[in-house]
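Keep the viewer open while you read.

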Amino acid sequence: ESFNDAVAGAAALNAFIVTTPDHALAAADAADKARADGKDLGPMAGVPIGMKDLFATHGVQTTAASHILEGFTPHYESTVSQKLWDAGAGMLGKLNLDQFAMGSSNETSFFGNVSSPWRKQGSNAAMSPGGSSGGSSSAVAARIAPAATGTDTGGSIRQPAAFAGISGIKPTYGRCSRWGVVAFASSLDQAGPMARSVEDCAIMLGAMAGFDPKDATSLEMDVPDWEAALSSDLKGKKVGIPKEYRMEGTDQAILDSWEQGKAWLKDAGAQIVDISLPHTKYALPAYYIIAPAEASSNLARYDGVRYGLRDLPEGAGLQDMYAATRAEGFGDEVKRRILIGTYVLSAGFYDAYYTQAQKVRTLVARDFENAWNECDVILAPTTPTASFPLGSLDADPLTMYLNDVFAVPASLAGLPAMSVPATMNEDGLPLGLQLVGKPFDEQTVLDAGLAIQ
Ligand code: GLN
């Protein structure tokens with residue numbers, strides 16, 4: 001019965017593309033049986049989670065929320081989802097997202113917008129759950145799923161977590177295998193958990209992470225027991241406050257929330273220090289060159305031959321089929337990214353745009369390396385604004401891109417970064433704070449998150 005209620009709730013939010021109740025029930029039964037038999041239970045035993053529809057799931061349609069993959073049913077399982085099943089979790093269904101994870105509002109899905117369960121005080125306008133992991137943030141915020149997977153290329157775990165008042169962590173690049181995850185920008189893509197609490201994120205990340213020989217950029221490192229080591233005692237830790245994140249256009253409520261976060265971390269024993277990340281303002285433009293460049297290359301594989309959709313007009317040749325399939329199958333935002341990506345990689349413009357953006361990426365990463373001489377973790381807002389009504393930024397891709405301004409620097413540098421719910425704005429909407437850590441130091445990120453939550 002509660003599953004049916006949940007399905008009805010999910011339908012109203014459009015959080016799921018497909019539901020898989022049998023999968024979740026089988027995991028619950030397996031957990032019951034293991035418990036009855038006195039066997040060891042996995043860390044996620046019986047937990048029914050949502051799976052962002054960017055992870056390939058054996059025998060279950062995997063679309064990346066794009067028409068071009070509609071009907072594609074993988075005959076393999078992504079490493080991350082397999083690890084979660086091995087830990088005992090079950091799947092409620094495949095969660096909606098921005099098409100190919102491109103977007104910040106969950107309005108680019110072929111399967112329709114996802115709505116957040118939150119509303120502005122005194123208004124019934126449907127609000128954005130953020131993106132691209134908006135089905136994940138919406139389902140967890142609405143208490144339909146206790147946790148969900150997300151992926152973060154330039155903020156897609158952190159920004160939706162902030163918009164929906166939940167927690168989400170993007171680990172160090174390489175912690176979670178990318179094998180079986182539909183590729184957007186391979187040098188940035190990273191999976192992570194989205195859940196109601198920092199503790200739940202720590203447990204779930206432990207189940208998702210680990211070396212995978214099938215991913216060439218997978219980290220060959222042990223996975224610490226983050227949950228066991230969790231501590232909100234921050235004595236001896238220095239928290240850096242980057243002055244460049246005080247950007248024009250940031251809501252006053254967000255700046256207030258940042259001040260509040262500093263006070264909480266101080267109460268937890270941390271020392272607050274001012275730091276500088278001088279190249280911050282160049283990170284967003286560099287991201288919106290590098291990510292589309294890699295996307296244009298990754299998306300070349302959708303040609304009407306290998307996966308999902310095929311549009312073969314009467315009497316058409318191979319080229320016509322490619323063109324017709326891609327014209328019909330890709331959404332507008334995906335086409336915009338492919339156009340930007342092929343342009344910045346073209347012979348005449350490669351040095352002016354792509355090479356330049358890669359240099360900026362190095363400078364952004366060096367800013368962080370220098371900052372680690374002065375602090376152990378960085379505190380900043382996750383986003384410059386709270387959630388906005390669906391449809392309000394529709395015709396304005398640049399304003400949409402600007403929503404990622406605080407999220408992309410950590411992505412370019414491959415650093416672990418988390419968003420935790422902090423305060424609310426004057427409309428009663430949740431605001432998130434972001435913690436960015438040293439490479440491989442998810443623990444301090446989680447600990448500081450725990451002190452704030
Ligand atoms: N919103 C950003 C973009 O559209 C980030 C997306 C993501 O992290 N997948 O590129």
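Predicted model: local features only at pLDDT ≥ 70, side-chain atom pairs only at ≥ 80, totals over all residues.

## Ligand shell

First, the residue classes: Ala, Val, Leu, Ile, Met, Phe, Trp, Tyr, Cys and Pro count as nonpolar, Asp, Glu, Lys and Arg as charged, and the others, Gly among them, as polar. On that basis, the shell around the ligand splits into four nonpolar, seven polar and two charged residues. It has 13 residues, and the closest are A101, S104, T153, G154 and S156.

Numbering starts from 1 along each chain as its sequence is written.

## The annotated trio

The UniProt entry, which is unreviewed, puts its "active site" annotation on K52, S132 and S156. They are spread over 105 residues of sequence yet cluster in space, with a largest C-alpha distance of 11.2 Å. Positions from UniProt are given in the numbering used here, feature names are shortened, and the annotations may be inferred rather than shown by experiment.

K52 sits in strand β2 (residues 48-52); strands here are DSSP runs of E, at least two residues, and helices are runs of H or I, at least four, numbered from the N terminus. K52 counts as buried because it has 31 C-beta neighbours inside 10 Å. The cut-offs: 20 or more other C-beta atoms within 10 Å of a residue's own means buried, 12 or fewer means exposed, and in between is partly exposed, with C-beta atoms placed from the backbone. Setting aside residues up to four places away in sequence, K52 touches L95, L97, S133, G135, S136, A148, T149, G150 and T151. A contact means that two C-beta atoms, placed from the backbone, lie within 7 Å.

S156 is in the loop between β4 (147-152) and α5 (158-164). It is buried too, with 37 C-beta neighbours inside 10 Å. Beyond its neighbours within four places in sequence, S156 contacts A101, G131, S132, S133, G150 and T151.

The largest nonpolar core has 128 residues, and I49 and V140 have the most contacts inside it. Such a core is a set of buried Ala, Val, Leu, Ile, Met, Phe, Trp, Tyr and Cys residues joined through C-beta atoms within 7 Å. With neighbours within four places left out, V140 contacts A145, A147, A148, A164, I166, M194, A195 and R196.

Next, A141, which lies in helix α4 (residues 134-141). It is buried, with 25 other C-beta atoms within 10 Å. Its contacts outside four places in sequence are S116, P117, W118, A164, G165 and I166. A141 and P117 are 24 residues apart in sequence and 6.8 Å apart C-alpha to C-alpha.

G90 is 63 residues away along the chain, but the two C-alpha atoms are separated by 4.9 Å.

Why is helix α6 (residues 198-208) largely enclosed by the rest of the structure? Because 10 of its 11 residues are buried. Just after α6, G210 takes a positive phi of about 140 degrees.

Methods:
Near = placed C-beta within 6 Å.
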